[in-house]
Amino acid sequence: MDYREIAEELLLLRMEAFGQERRNAHSTRGEDGALLWLYLHDGKAIAGSLAKALSLTSGRIANILKQLETKGFITRSANSEDRRRINVLLTQSGQDYIRRLYEEDLDTCSRLLEKLGKTDAQEYLRISREITEVSLRDRKR
């Protein structure tokens, strides 16, 4: 059984199900959540789309992106098709940083699942999938 594979799916499910609370796990300012979203989505986004995905206001995402740019974790540029839209790109430094945090989360979750054993780990994943589906359905209402 590949506990790491189950751990990866669980982390993604938690991110979907619990929204901003999970995305802020490492950072009270939400910077790591924004980096993680970029990392899991090809390292690029439009600032407005990122704000929507993370359930943040445009002002809040602008502050987060300013801090991440200052740290050298992202770059921002005007969109060539619509200058009001801002392109956000994950830098190598940002990718390295968030990959390390993500790998630490995966390792921690994998160890926990391994201690649960195959049957309970799979049951936990099944229940987590159900919770995610319910959460997403409720959010659409």
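## Architecture and contacts of a predicted single-chain model

Read along the sequence, the protein chain follows the pattern α-α-α-β-α-α-β-β-α-α. It comprises seven helices and three strands, where helices (H or I, at least four residues) and strands (E, at least two) are DSSP runs, numbered from the N terminus. The model is predicted: local features need pLDDT of at least 70, side-chain atom pairs count only at pLDDT 80 or more, and totals for chains, interfaces and linings use all residues. Residues are numbered from 1 along each chain as its sequence is written, and side-chain values use heavy atoms, with hydrogens and water left out.

Of the 141 residues of the protein chain, 40% count as buried; buried means under 20% relative accessible area, exposed over 50%, and partly exposed in between (1.4 Å probe, protein chains only). Contact means heavy atoms within 4.5 Å. Among contacts between residues at least 6 apart in sequence, 61% join residues at least 24 apart.

### Helix α3 and its partners

Helix α3 (residues 31-40) is mostly covered, with eight of its ten residues buried. The buried residues are Glu 31, Asp 32, Gly 33, Ala 34, Leu 35, Leu 36, Trp 37 and Leu 38. After α3 comes Asp 42, whose phi is positive, near 65°.

Axes are lines fitted to C-alpha atoms, for helices over the stretch in contact, and angles run from 0 to 180 degrees between N-to-C directions.

| Helix pair | Axes come within | Crossing angle |
|---|---|---|
| α3 and α5 | 9 Å | roughly 80° |
| α3 and α6 | 9 Å | roughly 95° |

Angles under 35 degrees count as roughly parallel, over 145 as roughly antiparallel, 65 to 115 as roughly perpendicular and the rest as oblique. Helices α3 and α5 are therefore roughly perpendicular to each other. On the α3 side, Glu 31, Ala 34 and Leu 35 meet Ile 64, Gln 67 and Leu 68 of α5. The residues of this contact of α3 with α5 divide into four nonpolar, one polar and one charged. For these classes, Ala, Val, Leu, Ile, Met, Phe, Trp, Tyr, Cys and Pro count as nonpolar, Asp, Glu, Lys and Arg as charged, and the others, Gly among them, as polar.

Helices α3 and α6 are likewise roughly perpendicular to each other. Their contact is made by Asp 32, Leu 35, Leu 36, Tyr 39 and Leu 40 of α3 together with Gln 95, Tyr 97, Ile 98, Arg 99, Leu 101 and Tyr 102 of α6. By class, the contact of α3 with α6 has eight nonpolar, one polar and two charged residues.

### The sheet

Three strands form an open sheet in the order β1-β3-β2, with antiparallel pairing. Two strands pair if DSSP finds at least two bridges between them. The edge strands are β1 (44-46) and β2 (74-78), each of which pairs on one side only. Neighbouring strands of this sheet are turned by 20° against each other on average, direction ignored.

Strand β3 (residues 86-90) pairs with β1 in the antiparallel sense over three bridges. The bridge partner of Ile 46 in β3 is Asn 87. Helix α5 lies across β2 and β3 and runs at about 120° to β2.

### An aromatic pair

A search of the whole structure finds two aromatic pairs. Rings of Phe, Tyr and Trp (its six-membered ring) pair if their centres lie within 6.5 Å; planes under 30 degrees apart count as stacked, over 60 as edge-to-face and the rest as tilted. One of the pairs is formed by Phe 73 and Tyr 97, which are stacked at 4.8 Å centre to centre with 15° between the planes. Phe 73 lies in the loop between α5 and β2 and Tyr 97 in helix α6 (residues 92-116), so the pair ties together parts that are 24 residues apart in sequence. Phe 73 is buried, with a relative accessible area of 13%, whereas Tyr 97 counts as partly exposed at 24% relative accessibility.

Tyr 3 is found in helix α1 (residues 3-18) and is buried, with a relative accessible area of 16%. Tyr 3 and Ser 110 are 107 residues apart in sequence, yet 5.2 Å apart in space, C-alpha to C-alpha. Not counting residues up to four places away in sequence, Tyr 3 touches Ser 110, Leu 113, Glu 114, Gly 117, Lys 118 and Ala 121.

Ser 128 is found in helix α7 (residues 118-140) and is buried, with a relative accessible area of 12%. Leaving aside neighbours within four places in sequence, Ser 128 is in contact with Leu 10 and Leu 13.
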